[in-house]
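This note sets out a colleague's remarks on one protein chain, arranged as numbered points. Please keep the sequence and the model in view while reading.

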Amino acid sequence: MTFHIIASTGRTATTYIAARLNEGDGIAATHEGYLGSDKSSAPLLPLINLENRQAFQSPEAAEKTVSEKRSDDVIETALEKTGAETLIDVAYYNPMIASALLQAHPTMRVIGILRDCESFVRSATTITGEDPMPVGWPDADKSLSDRERFIAMGRIRPGRGDEAYEAWKDWSAIRKNIWLWEATNRRLIDAANSAPDRVRLIGFEALKQDPNAFWSALANHLGIARPPVEPSSPQSDSFRNVKMGAFRNAKAGGYQIGPSSEWTEDEQDALQEATDAIRRTANLKRAA
């Protein structure tokens, strides 16, 4: 049985990556538990979206989630259903359970994808309209769809005792998503520091700037075949014609907030502080 995870803040092409990997021979790849990103079918893995916040706030809750919903029995059942040899789960909630998963699955490997803070916040912040991929905190006055409301129930936020707890209610959506970016990436870095041979951090920008390097780093670390940079036909190799464009966020109008130069002074300061903090703690060579 081979089980690996890919983890990030979200907004890092994870639906595309899962769909692409799911086309490889012997590989079953899920996005948030759904095989090949297909959320029109029943999930292959038990959903843990709602456990995300509890796992962030408590190591015991993270261990409980893993023991109940990502145990050896759960993974083996999923592999038996698909006939695959390797299962890879790609999800925004994986950073919160990464350490517990590493303990529960001694041979499991982790890919952490790091995106720069400003572009993540611009992509994740929704002011109006429905966000089809609701990773970030929306504007406080925005009405929510049922799906947005469901995802929000498990989204992480500061807990009691956190210095940000009292300030949270007065923060803008931009400020909240800066905090979300930093808190999530801290968990990825913690996992990398605890198991450096089993966790590899990759910069999201490489997927566009140097896709050969991105896919090679991912495949080499997980011990799988590398998808070709340009999707090929089913006749030429095991990966089908899965293109990134089909998985772009369909949020109306694209980014709904401007660049950081247009943010408030408080938001700009928070952006700089969060970025500096992650750069100090991350091993930049691992994220190259």
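Which strands does helix 10 (residues 211–222) lie across, and at about what angle does helix 10 run to strand 6?

1. Basis of the note. The model is predicted, so local features are described only where pLDDT is at least 70 and side-chain atom pairs only at pLDDT 80 or more, whereas totals for chains, interfaces and linings use all residues. Residues are numbered from 1 along each chain as its sequence is written, and side-chain values use heavy atoms, with hydrogens and water left out.

2. The chain as a whole. The chain holds 11 helices and 6 strands; these are DSSP runs numbered from the N terminus, a helix being H or I over at least four residues and a strand being E over at least two. Of its 288 residues, 54% count as buried. Here buried means under 20% relative accessible area, exposed means over 50%, and partly exposed lies in between, with a 1.4 Å probe and protein chains only. The chain exposes about 13300 Å², and carbon and sulfur atoms supply 47% of that area; accessible areas come from the Shrake-Rupley method with a 1.4 Å probe, and for residues only the protein chains shown count as cover. Among contacts with a separation of 6 or more, 71% are between residues 24 or more positions apart, a contact being heavy atoms within 4.5 Å.

3. Six strands form an open sheet in the order 3-2-4-1-5-6, with mixed pairing. Strand 3 (34–35) and strand 6 (199–203) stand at the edges with a single partner strand each, so one side of each has no neighbour in the sheet. Two strands are said to pair if DSSP finds at least two bridges between them. Strands of a sheet pair through backbone hydrogen bonds, either parallel or antiparallel. Strand 2 (residues 27–31) and strand 4 (residues 86–91) run parallel and are joined by 5 bridges, and Thr30 stands opposite Asp89 in strand 4.

4. Helices on the sheet. Helix 8 packs on the sheet and touches strand 1 (2–8), strand 5 (110–114) and strand 6; its direction makes about 135° with that of strand 6. As for the opening question, helix 10 lies across strand 1, strand 4, strand 5 and strand 6, and runs at about 170° to strand 6. Axes are lines fitted to C-alpha atoms, for helices over the stretch in contact, and angles run from 0 to 180 degrees between N-to-C directions.

5. Strand 5. Is this strand buried or exposed? Since 5 of the 5 residues of strand 5 are buried, the strand is largely enclosed by the rest of the structure. In a regular strand the side chains alternate between the two faces of the sheet. In strand 5, Val110, Gly112 and Leu114 point one way, and Ile111 and Ile113 the other way. Strand 5 pairs in the parallel sense with strand 1 over 4 bridges and with strand 6 over 5 bridges. Ile113 stands opposite Ser8, and the bridge partner of Ile113 in strand 6 is Ile202.

6. Salt bridges. The count comes to 8, a salt bridge being a side-chain nitrogen of Lys or Arg within 4 Å of a carboxyl oxygen of Asp or Glu. One of them joins Lys64 and Glu68 at 2.9 Å, N to O. These residues are 4 apart in helix 3 (residues 59–69), about one helical turn; Lys64 is partly exposed at 48% relative accessibility, and Glu68 is partly exposed at 46%. Another joins Arg70 to Asp89, with the closest N and O atoms 3.9 Å apart. Arg70 lies in the loop between helix 3 and helix 4 (72–82) and Asp89 in strand 4, so this pair ties together parts that are 19 residues apart in sequence. Both Arg70 and Asp89 are buried.

7. Arg149 forms a salt bridge with Asp146 at 3.3 Å between the closest N and O atoms, and the two are 3 residues apart in helix 7. Arg149 is partly exposed at 41% relative accessibility, whereas Asp146 is exposed at 65%. Met153 lies in the loop between helix 7 (146–152) and helix 8 (173–194).
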